[in-house]
Amino acid sequence: LILGGKTEVVKEGGEPQNVNTPLGVYLLKTDELGNIVTELQVDEAYAYPIGKLNQIGENFYFFCMDAGTNAILVSVDQSASSSAQTTLSTSLSLPLASATTLDGSNLLLLSYDNGTQETVMTQVSTDGGVSNETRFYTGAESPIDNLVIRHANREGTQFPFSVGQVSAGTYFFNGFIDYTFSLVFTSLGGDEDVDGIVNGQQENAGFSNVLPVSGQTFAISTYNFGFNFLKPNATLNMTGTTSVTDIQSSAFSFPELESNARVKAIRAVVNGKNVIIFGSNTKSGQIGLYMYDEATGEFISSKYLGYSNPFEIAALVQTTDGDFVVAGTTYIAGRLPRFCLIKVPEGEIKD
């Protein structure tokens with residue numbers, strides 16, 4: 001799933017102007033060697049897809065927007081040869097993040113209602129039906145409205161919105177609430193249903209990645225005014241009020257990462273050991289992979305991907321045969337963006 005959007009230079013009255021032109025939604029299927037198997041361009045009426053590709057049964061699902069910023073659910077078969085679009089049965093708009101429920105039967109969607117200035121979390125069925133809609137007020141007369149709209153349109157700062165489920169009846173989202181980018185735990189029991197919250201510092205500090213591991217243990221990364229911190233075994237209070245700065249005091253600082261870096265994290269098995277692997281972008285234009293022991297939090301090893309041209313991470317997965325695949329963007333001549341797919345054999349990680 002490729003997140004489209006570009007800026008073209010056009011001339012109006014002899015003067016060049018920048019015009020943001022959505023590229024729409026494009027899907028690419030490859031074999032295990034990276035050879036292209038199928039390419040699919042989704043209906044041009046839809047644009048700005050959000051990650052990730054969520055597999056339920058034999059199909060993959062993701063959300064995007066139409067021209068009116070309405071949230072659209074798209075399903076794609078495993079051959080990536082056809083797609084179907086479904087308009088959600090409510091007026092949800094500006095989709096920000098998605099995931100599957102723990103039972104793998106439904107989707108979770110985080111979106112934003114700029115009419116009421118509310119962050120909205122919902123459960124969505126594969127046919128587009130919406131349930132457990134829960135709203136959280138972001139704050140009046142604040143810059144949040146503009147920040148979220150620009151994010152959704154791929155302009156300005158891109159925030160690490162996320163959504164997920166910890167256990168039966170316990171959900172979380174990473175997004176704006178009460179003027180601040182925060183991590184919120186909720187049972188989806190109704191509007192403003194906050195069971196616990198880890199507050200950020202307005203839009204300047206918060207979580208860049210949240211990965212449930214077990215119980216109250218999470219693999220997390222945070223950002224704070226340009227600085228980055230990783231912690232593979234953070235214990236989060238899911239029923240009280242805490243601050244992200246409390247967690248940063250015991251996390252690992254990573255000055256080699258770019259300012260407020262994008263971070264992806266997965267649970268994996270390497271050489272029979274359960275590990276946490278973080279992937280992020282370095283200041284030198286490489287993709288860094290950092291591996292930790294899941295049980296102890298001990299640092300094990302690191303590996304850097306990319307050379308010659310700048311590289312940026314978009315996704316990280318472990319395949320069924322134990323190898324690792326990183327999807328992202330590389331910039332030819334430092335300025336022409338192209339898709340990249342990097343496969344790292346498990347043997348290289350073991351070594």
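Which residues of the largest nonpolar core touch the most other members? Select Met 121, Phe 161, Val 163 and Phe 176, which hold that place among its 28 residues. A nonpolar core here is a set of buried Ala, Val, Leu, Ile, Met, Phe, Trp, Tyr and Cys residues joined through side-chain atoms within 4.5 Å. Buried means under 20% relative accessible area, exposed over 50%, and partly exposed in between, with a 1.4 Å probe and protein chains only.

Before you go on, note that this is a predicted model, in which local features need pLDDT of at least 70 and side-chain atom pairs count only at pLDDT 80 or more, while totals for chains, interfaces and linings use all residues. Residues are numbered from 1 along each chain as its sequence is written, and side-chain values use heavy atoms, with hydrogens and water left out.

**Stop 1**

Helices (H or I, at least four residues) and strands (E, at least two) are DSSP runs, numbered from the N terminus.

Now centre on Phe 176. Leaving aside residues up to four places away in sequence, its contacts (heavy atoms within 4.5 Å) include Thr 119, Ile 144, Leu 147, Val 148 and Glu 203. Phe 176 also belongs to one aromatic cluster with Phe 159, Phe 161 and Phe 181.

**Stop 2: helix α1**

Show the side chains of Ile 144, Asp 145, Leu 147, Val 148, His 151 and Ala 152, the buried residues of α1. They lie on the same side of α1, because they cover an arc of only 165 degrees around the axis, taken from the directions from the helix axis to the C-beta atoms. Their cover includes β6, β7 (59-65), β10, β11, β15 and β16. Step just past the helix to Arg 154, where phi is positive at about 60 degrees.

**Stop 3: a sheet of four strands**

Next, pick out the open sheet with the order β6-β7-β8-β9 and antiparallel pairing; two strands pair if DSSP finds at least two bridges between them. β6 (47-56) and β9 (83-87) are its edges; each has a single partner strand, so one side of each lacks a neighbour in the sheet. Zoom in on β8 (residues 71-77), which pairs with β9 over 5 bridges, and find Val 76 opposite Ser 83 in β9.

**Stop 4: a hairpin**

Select β4 (residues 25-30) and β5 (residues 36-41), an antiparallel pair with 5 bridges. Leu 28 has Glu 39 in β5 as its bridge partner. Between the strands of this hairpin are 5 residues, and Gly 34 has a positive phi near 90 degrees.

**Stop 5**

Where in the chain do Phe 252 and Tyr 292 sit? Phe 252 is in β22 (residues 252-253) and Tyr 292 in β25 (residues 287-293), 40 residues apart. Their rings are stacked, at 5.7 Å centre to centre and 15 degrees between the planes. Rings of Phe, Tyr and Trp (its six-membered ring) pair if their centres lie within 6.5 Å; planes under 30 degrees apart count as stacked, over 60 as edge-to-face and the rest as tilted. Phe 252 is partly exposed, with a relative accessible area of 37%, whereas Tyr 292 is buried at 1%.

**Stop 6: a sheet of three strands**

Finish with the open antiparallel sheet β27-β28-β29. β27 (311-318) and β29 (336-344) stand at its edges. β27 is joined to β28 (residues 324-332) by 7 bridges, and Phe 311 has Thr 330 in β28 as its bridge partner.
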